[in-house]
Amino acid sequence: DGKIGVGIIGTGIWANTHARACNANPHAEIVGLAEVREGAAELFAQAHDIDVPIFTDYRDLLTVDGLDAIIIATPNNVHAPVSIAAAEAGKHILCQKPMATTLADGKAMTAAVRKAGVNGMVAYTKRFFRTTRFLHDFLRSEDLGRIYHVRAIYFQSWLSNPATPIVWRLQREKTGTGVLGDLGSHITDLVQYLVEDDIMRVSAMMKTFVTQRPSAPDAQEKETVDVDDAVMFGAEFRSGAMGVFQASRNATSRPDHWRIEIDAENGAVIYDKYADTRIQLNVSKGLARHAGWVDLHIPARWRFSNQYGGDEHQNQVDHFIESIRSGQTPSPSFDDGLKTERVMDAVVRSSDTGKTVDVEV
Ligand SMILES: NC(=O)c1ccc[n+]([C@@H]2O[C@H](COP(=O)([O-])OP(=O)(O)OC[C@H]3O[C@@H](n4cnc5c(N)ncnc54)[C@H](O)[C@@H]3O)[C@@H](O)[C@H]2O)c1
């Protein structure tokens, strides 16, 4: 029927956003699901009104008739084996972030999609917010001059309670790093995308505040948390700009909040998740130096720029499907995802050694 046949691997919380977006996209059709949790995929299929084959082994899904592409919405340690198998089977891939649990896996995934000539996209969803798109274009069209400073934070609060039980996001084997991969990866990708520049050097500290957590809600038994609750790093970009990044899941001030501030020669901008219908601008050019902050409201055409009437999740899946139909490289690609993996690898090395380290190029 000319539609792109999509298989979804992992039918947990975030997969719902993908299923809704695939169902709303007239060029996409979900043709199969893979899930290891008994009964979960059946409920998921019911919830999204799809009647498709369901497998426990993703390799069986890869053989389904009409399958062109897969979306990986599993814990992070499953991203690499699935991506590599899917690329070898000639399927396009939208893989959840962070791309992998190790830099080596990120490299192997990138090599696999390149060899197979399929599209590999990493779901750095923040790129698909209207505010991000508007600011990205604004920074290209306005001459803010040389960028001096970038500050980026991403804070959540859900781990501030020590009674919150262990989940895969707190187990190194399944998640890789902790908040660095979970939230730090988002702001690393977002900033590198917005300023179109790469981080070359970092100096980092990582911290685990709560090292033991209940094995299940209300359980007496405890399990060890072996990943970071909080991370901060200083960064130097290729252009010489200086960056400060901070991410935490123990920030009681806010449940889910990111904010990016950029100071450049001719002005400064602030992008704040809590005020996402505008960006703040302070032009410091010439006599306007003391003009102060003004709000730039995002025009309606940006607000409703997505084709099929959804949100950032819709934008993301629409872009993936369109990249396959048009034969274009998606953005963020696996190469972009690998860039962020390289920065995260340097952050860990810096935190482990207490030294400023170069990002591998
Ligand atoms: N882009 C974003 O903004 C964003 C937001 C949240 C989560 N995520 C990412 O999405 C991914 C999934 O997160 P989630 O919150 O939905 O997790 P989740 O735990 O709710 O769901 C993961 C699902 O994968 C299944 N699974 C595990 N191993 C599998 C395998 N081998 N084959 C098939 N299914 C398997 C699990 O049983 C579970 O149902 C993670 O990589 C996470 O970092 C991205």
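The questions and answers below concern a predicted model, in which local features need pLDDT of at least 70, side-chain atom pairs count only at pLDDT 80 or more, and totals for chains, interfaces and linings use all residues. Residues are numbered from 1 along each chain as its sequence is written, and side-chain values use heavy atoms, with hydrogens and water left out.

Reader: What is the order of the strands in the open sheet of nine strands?
Author: Strands are DSSP runs of E with at least two residues, and helices are runs of H or I with at least four, both numbered from the N terminus. Two strands pair if DSSP finds at least two bridges between them. With mixed pairing, the order is S16-S15-S14-S13-S7-S12-S11-S8-S17.

Reader: Which strands stand at the edges, each with a single partner strand?
Author: S8 (residues 199-207) pairs with S17 in the antiparallel sense over two bridges, and Val202 stands opposite Val357 in S17. One side of each edge strand is left without a neighbour in the sheet, because each has a single partner, and these strands are S16 (293-297) and S17 (357-358).

Reader: At what angle do the axes of helix H6 and H8 cross?
Author: Contact here means heavy atoms within 4.5 Å, and H6 contributes Thr132, Leu135, His136, Leu139 and Arg140, while H8 contributes Leu190, Tyr193, Leu194 and Val195. Axes are lines fitted to C-alpha atoms, for helices over the stretch in contact, and angles run from 0 to 180 degrees between N-to-C directions. The axes of H6 (residues 130-141) and H8 come within 8 Å and cross at roughly 35 degrees.
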